[in-house]
Amino acid sequence: MNRLIVAVLCGLLFGAGMVVSDMINPARVLAFLDVTGAWDPSLAFVMGGALIPSAIAYLIRRRMETPVAAETFHVPESRTIDTPLVGGAVLFGLGWGLVGLCPGPALAALTTGAWQAFVFVGALVAGMALFRLTLDRNA
Amino acid sequence: MPEPISFVWPLAGGLLVGLSAGLYLLLNGRVAGISGLTAAATGLSKGAPRTLDLLFIAGLLGGAALASALIRRPEVQITSDIWLLVLGGLIVGFGTRWGSGCTSGHGVCGLARLSPRSIVATGVFMAVAALTVFVTRHLLGGLA
């Protein structure tokens, strides 16, 4: 199987998942994160549902030498808990909690034509560029 | 406030996301992490095969558009003003790169393989996000 086709196919499934699950709606995400308020727990099923096939795949992977359509596995092996990991997670959590959009749903929301999604994704890419120009420069 | 939905939708959507992540691993040998894919597709990361990343994102946009047309019409309810969107986008972009992942890479792929880094990252970003909502909604009285 061609790995370019795999990328498109997996993208299609992922994008459909954003819409079907309602992760695409920031109001739903913020209601899920509002654990002390009018908590909407429905999005816990997204994570639960996603972990089932994903975990099965990672179990199957242990028995495979190489992926089906590519030469090698590119899965991070590091186990070090360091400042970048935690600092980055803190910043990401802050931004996610302020707006209710994380990268996958933000990209999916572009297809609704909502101007807010375009502003957010533009700023998201700018934030990635800022990282590339600062902390990532010598790495 | 969004209308309540049946748990079947989030569960079905989650299964689609997990299927995507699982197939991407077994077929292409890669982590389906959207922040990493976005950085690679826009030329903001080191030496990755950008064509694959661009195709994944093109597929993601196509999948979202198709599902919106054929399966369920999504509502995107955003109350944030433009400055909050800019600020939020900037720190999500910077933070996901610094922390090497977001909800998909750490949350779905990392937890599935019990990566200690991803377990810590997911715990931290979920806790900080919930705390941020608590502060903005219940202490500051509704920023978002």
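Two residues are in contact here if their C-beta atoms, placed from the backbone, lie within 7 Å. Keep that in mind. One more caution: this is a predicted model.

Start with Phe125(B). Set aside its neighbours within four places in sequence. What is Phe125(B) in contact with? Four residues of chain A: Ala89(A), Phe92(A), Gly93(A) and Trp96(A).

Now the core. The largest nonpolar core has 95 residues. Phe125(B) is among those with the most contacts inside it, along with Cys10(A), Ala106(A) and Phe120(A). Which element gives this core its largest share? Helix H1 of chain A, residues 3-21, with eleven residues.

Stay on H1(A). It has 19 residues. From first C-alpha to last, H1(A) reaches 26 Å, close to the 27 Å expected at 1.5 Å a residue. Of its 19 residues, 16 are buried, so H1(A) is largely enclosed by the rest of the structure. After the helix comes Asp22(A), with a positive phi, near 75 degrees.

Next, the contact between the chains. Chain A puts in 109 residues, and chain B puts in 103. On the chain B side, six helices each supply at least two residues: H1 (8-28), H2 (34-41), H3 (50-70), H4 (82-98), H5 (103-112) and H6 (116-139). The largest share, 20 residues, comes from H1(B). What classes of residue make up that side of chain B? There are 66 nonpolar, 30 polar and seven charged residues.

To recap: H1(A) gives the largest share of the core, and H1(B) gives the largest share of the chain B side that touches chain A.

Note on methods: Residues numbered from 1 in each chain as written. Chains lettered and ligands numbered in written order. Predicted model: local features only at pLDDT ≥ 70, side-chain atom pairs only at ≥ 80, totals over all residues. Core = buried A, V, L, I, M, F, W, Y, C linked by C-beta atoms within 7 Å. Buried ≥ 20, exposed ≤ 12 C-beta atoms within 10 Å, placed from the backbone. Helix = DSSP H or I, 4+ residues; strand = E, 2+ residues; numbered from the N terminus. Nonpolar A, V, L, I, M, F, W, Y, C, P; charged D, E, K, R; others polar. Expected span 1.5 Å × (residues − 1).
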